[in-house]
Structures are given as structure tokens and as C-alpha cells.
Amino acid sequence: MKAGDKPERGKASIGAELIIPVAGLLFAVYYLTSIWNIRWEAQVNGLFHSTILLILVAAFLIKTFGRLARGEVDLRLGSKLGTPRLLWQRLGLIVITSVFVLALPWLGFTLSTFLFMVATLAFFGIRSPMKLAGIPLCVAAGGYVLFILALNARFPHGPIEDLLAAIF
Amino acid sequence: MTFELLTDVLFLSASQWWLILLATTIGIIVGAVPGFGAHNTIIILLPFTLAVDIHIGLTFMVALYVATHMGGGIPAILLNIPGTGGAAATTLDGFPMSKKGQGQQALVLSFMASTIGGLVTAIAALFTLPYLARIAYSLHSVEMVIIMLFGITLIAVIAAKDTLKGLIAGFLGLLIGAIGTDHIYSTPRGTFGFLELYDGIPIVPALIGLFAISEALVMIETESMLTEGGRARMLKATWAETWEGVRMSIARLWHIVWTGMIGLFIGAVPGAGASIASFVAYQQSRMYSKTPELYGTGIPEGVIAPESANNGVGSGSLIPLLVIGIPGGSTAAVMMVVLHYHGVPLGQRLFVEDPGLAYGVFTTMIVSYIIMLFTIIPLTRYLSRVTLISTMYLVPVIVCFTLVGAFAPRAYLFDMGLAMAFGILGFIARKTGYHVVGILIGVILGPMIEQYFLRALRLSDGDLTVFFTSTIGNFLWALLAISLLAPFFIGRFRKAKA
């Protein structure tokens, strides 16, 4: 356990451990509502899994609240998911990746890969122009050769792919 | 099968070494890239396999198939990202070995276990084809449901430190796997209104998100994947480490053989697949070990067991295809399409009309494994150096290439978003002790379990007691209960003893 998970009172913070069971509980309830009025053949499998999941989550919550009542733990998030600085870094990576996914249909695979690599490396603190240009160029070119030329994968084509197709 | 026929097919396979070399090279590369499994690649290469003679086409497909099993272990060991579902169990001990600077040894162990396990099981399959095929006849829908629940339970017990958390992860995965329209009335269930989820949760984005994206989110915490001692060890690594890996493998030869046989038997059951086999082999290996507490910390047996079983499945899953015409997995299903296109009869007729083709599948496997042994082991020294690259450079490459892999199978941008959602789920799961492997195996088994569950219920007119009516089924229920309760009682016994 990390230092941050055990504050001065000596209690472990277990709020983060509740995210998955609570998400599971909400999903099971949503799933059950989505199968409420349909034929039994379509219901039975989901009913079986969601019932077991709800029982397991209930058992986990009872166990957790027992520990809470005994004063062994508290419900704060603690540092299990990382320090605030790391959480911002992760959020930044997720934002850059989302932009990459959204830009892919317009820019095509090769160009968006290149720009994604440049943006992520810069975000992680790489400042050398050689590295900022060279690594993305190698990755984008390697990806183009492997996925588009060799494996003929159906990736979105953009200006680079169109240009290369026109030349070769 | 006569000795003459055996030598004939063996020489025929050996004479096609150039084709096998090409196919195994492609197979190892695509196996190592999450999202590009054997079946995807064979589909992409259908114009080739449909155009050439079926003997050449089948040799190519089989060699590529076995090589992807081997390739899937590479990212599992070096980056904690399995290339295929079957390599998920390899991450449990493979990645800790890499972190300790033993990536080279772990890779050699994986390749040796794959090669020897694959070789032994291919030879065993050659001589036991008709008997192994009977396994498929003895297991019906009821037993299949229990086997799959057994798989989830095993993973909960093995992978997670807390069994309750492991079970929550497994059943959450099963419920996620139940998303999509039902098989009979096509009623959408749990789809959040997304049309893209009507066919169910696609496996590749789930695999990529749970393993690759979540690992990338974890990786940015440190500048290097390796521990300090591990880095120092890696920097000094020479060919001696490769030989050490070879020696470690030879010292555990019997371990490779028996875990490979587990894979062969499970592979012969249509639908069970490498994901379950590798975990069963890992669990069995831990159960019979004198030091079970070391599993998960990076020990050779923890790499050998899943990798050998994974390759045993390769031999086993083709048996039902050839003997009874039922594909044992997705790749076998694609192969069946190619065989049908060429007018090749499956089942008993194949062994009468073209026995060379039927047995040739296994001799091709034997030749492929021998070729791979010499082509891939010398590369381990260079492959393992991936772990020395700073995470600053690795993370963008992993995110970019794996997301692209999520897009590849269906060409939906939605799947890339789905992989990111699974990535966040996987990250939280990793950080809070809910093992991602349980969720993934649940997602993989979800649609299969529904199929067998419904079939069993329809055959019994909706009577739920059908699940307790078969002898094999009841035996499996007992095993399931034992595997769930055993850790609890063993723990209490050890406490009492102390």
C-alpha cells in the first residue's frame, strides 16, 4: 500500500476500490431494465449474470461497510489512482488520444499518427526537434508500410495516402 | 495411418519450408500486434489461399496459425499486453520477469515452451485423432456452460489476490459480454442505444483497452518499465541470458509436456479455446508446485504453463474441424471456409479420400515449430531490449498502434472509442485489485455461454435442473466448488498450523 493510502489516523482509504463494484451495480441495474419486457429466451442469460453480479457486489459492500463500521478504513479515494500530477498527465493523454481518434477520418492514418506522436511526445516533455520530428516520422512510415501496404488494412485514407497512391 | 503415409506427408511439409518460413514470419509479427490475430490475417490473405492449390493454402494457414500463438506471448512478456486472448495468462509471470530484467530468459522460455509444447501435442494429435475427437461428442451444452463458469472461477481464484474481487471482475465481464441483440428475436440488450453494439462487444477493442491502453496509463508513472536492478541486469545482458533461458526450459521439459497436453485436450473441445486452456494449465501448474506462493512474481513455470498450453490448443482446435467438421475456434472456422471453397470434404471422408491433407496439418505444425525454433530464439536478445526504451516514447507508440488495431477488424471509429473506455475501466481495475484478465475472459466467454445456456434450456423445455442432470456436469460442478472453496480452507489450515 502506498503511503498516501494510510493517512495519519492509520485508516486505509478504499474509496477507489468501490468504483468497479458500484459501476457493476449500476450496469447490472441498467441491463435488467433493458431486458425487462422481452421474451424469456432473450432475458435468461443476462438475468443469470446480473443476479450473480448483484449478489457479489452486495457481499463486497457488506464486507466493506463492516470494515468501515469497525473504523479500519475510510471512503476517501486515497492515492491508489495516482497523484494529482499523474492524474492530469493521464487526462492529457486521453484528450490527445480522443483528438487523434476524431481526426483520423479527415487526416488519414499516416498524417494523424504523425501528429499524434508529435503532440504526445511534446506533452511528455520531449523538446529536441530531432526527436520530435524523427520518431513520429519513423512510426508513421512504419505504420503505413505494415498496416496499409503489407496488411492492406481498411484504415482511413487522407492526403498522405492519396499522394503516395498517386506516385506509386 | 501407415508409416509410409506419415513419412510422405512429413517430407511434403518439409519440402515447403520456404512457404512455412514466410507464413511463420508473418504469423509471429501479426500475433504480436493486438488486433491482428490469425483469423484476421487469413481473411486478409484469402485471395492467396483461395487461388493456390489447397495443399499449399492449408500449409500456409496452419503455419501462420501456430506462429500467431507464439507471437502473442512477445508483447505479453515485454509490455504486459497480450497479442491474443490466449496469451493473457502469460502476463501473470512473464511481465514480472521482464521487470526484473529477465525479459530475455522469459522470451526464450515462452518460445521453447511454445515450440516443445506445440511439437509434442502435434505428434500426440497425429496418433490420437479419432480418440480426441470423441471428447467433442461427450460434451454437450450443459457441460460447456459449466466449463465456462469453471474458467471464470479459476481466473478469479488465480489472477486476483481477493477472490471476491476476481469474481466481480469475471461476472462484470460476462455481463458486458451479454451486451447486444439476442440470438433468437434480435432484441437489443444493454446496448446504451449504440447500433455498433448490436452484434455484441467486439473482442479486439476490449482486449486492447483492458490491456494496452490501461497499461499505457499505468506506465506513465515511471520513466522505465524495469526496476532499478532489472535495468542494470538488462544493460549487462549478453547471449548468456539466452542460453540460461534454454537451460531453464530444458530443466522443465516434463512441465512443458504435461501443460501442453492440457491445451491439447481443452483445444479438442469446440469453443473452449486458448483463453481457458492457458489459465487451466497455469492453475494446475501452481497447484502441483512446491512453491505456489511464488506464482505471479515472475517464475519460469508461470511462463511455461500458459505458453505450452496455448500452443497445445493450436493442435487440439483443428481436430474437431478435421474429424467431425466442427471448427474449434475462429481461425479453424476461416480455414473451414477455405477448405469448403476447394471442395475438400471434412470428417471421415477426408481421411479416406485425402489422408495426406488431413495428417499434413499436423506434420506442417511439426515443421513450423522446428523452423521457428531456429528463427526466433536468436532474436530474443534484441526483442527484450524493448524494455529499455523510456516509457515516454513507448506510451505514444503503444496507444497509437493498438488503437489502430482496435479499428482494423470492423473499420468502425466507434471501436477506438470503445477501446479507450475499456482502457479507463482496465486502469481502474488494475489500480484497485480487480484483475483485468477476469474482465477480458468474461467478455470473451459471454456470448458463448449464452449460446450454450439457451440451447440447454430449450432442449429441456426451460427446466433449470438440466444443469445438474449429467454425470460429467456434476463432476465439473464439484470441481468448480472445490476450486472456489479450497483457497479459503487452505488459508485457514495454514493459519491454524502457524
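## Helix H8 and B:Leu107

Helices here are DSSP runs of H or I with at least four residues, numbered from the N terminus. In this predicted model, one such run is helix H8 of chain B, which spans residues 103-138 and contains B:Leu107. With 28 other C-beta atoms within 10 Å, B:Leu107 counts as buried, because the cut-off for that class is 20 or more.

When neighbours within four places in sequence are left aside, the contacts of B:Leu107 are B:Ile74, B:Ile77, B:Thr380, B:Leu383 and B:Ser384. A further pairing sets sequence against space: B:Leu107 and B:Gly302 are separated by 195 residues along the chain, while their C-alpha atoms are 12 Å apart.

## The largest nonpolar core

The largest nonpolar core holds 190 residues, and the members that touch the most others are B:Leu64, B:Val145, B:Ile168, B:Ile398 and B:Leu440. Helix H8 of chain B is the element that gives the most to this core, contributing 16 residues. Domain 1 (3-74) and domain 2 (84-167) of chain A both supply residues as well, so the core lies between these two domains. As general background, nonpolar side chains in soluble globular proteins tend to be buried together.

For B:Ile168, again leaving aside neighbours within four places in sequence, the contacts include A:Ile20, A:Pro21 and A:Gly24, together with A:Leu56, A:Val57 and A:Phe60, and on its own chain B:Tyr434.

## Architecture of chain A

Chain A is built from 5 helices and 2 strands, and from the N terminus on these elements follow the order β-α-α-β-α-α-α. Its radius of gyration is 24 Å, whereas the globule rule gives 15 Å for 168 residues; the value is well over that figure, so chain A is more spread out than a compact globule.

The box filled by the C-alpha atoms of chain A, taken along the principal axes, is roughly 70 × 55 × 20 Å. Buried residues account for 32% of the 168 residues in this chain. Of the contacts within chain A between residues at least 6 apart in sequence, 64% join residues at least 24 apart.

## The contact between the chains

The contact draws 56 residues from chain A and 45 residues from chain B. On the side of chain A that touches chain B, the elements giving two or more residues are helix H1 (19-34), helix H2 (40-69), helix H3 (84-123) and helix H4 (129-150). Helix H3 of chain A gives the most to this side, with 15 residues. By residue class, the side of chain A that touches chain B comprises 37 nonpolar, 13 polar and 6 charged residues.

Terms used
Residues numbered from 1 in each chain as written. Chains lettered and ligands numbered in written order. Predicted model: local features only at pLDDT ≥ 70, side-chain atom pairs only at ≥ 80, totals over all residues. Contact = placed C-beta atoms within 7 Å. Nonpolar A, V, L, I, M, F, W, Y, C, P; charged D, E, K, R; others polar. Buried ≥ 20, exposed ≤ 12 C-beta atoms within 10 Å, placed from the backbone. Rg over C-alpha atoms; globule rule 2.2 N^0.38 Å. Core = buried A, V, L, I, M, F, W, Y, C linked by C-beta atoms within 7 Å. Domains from an automatic or database assignment.
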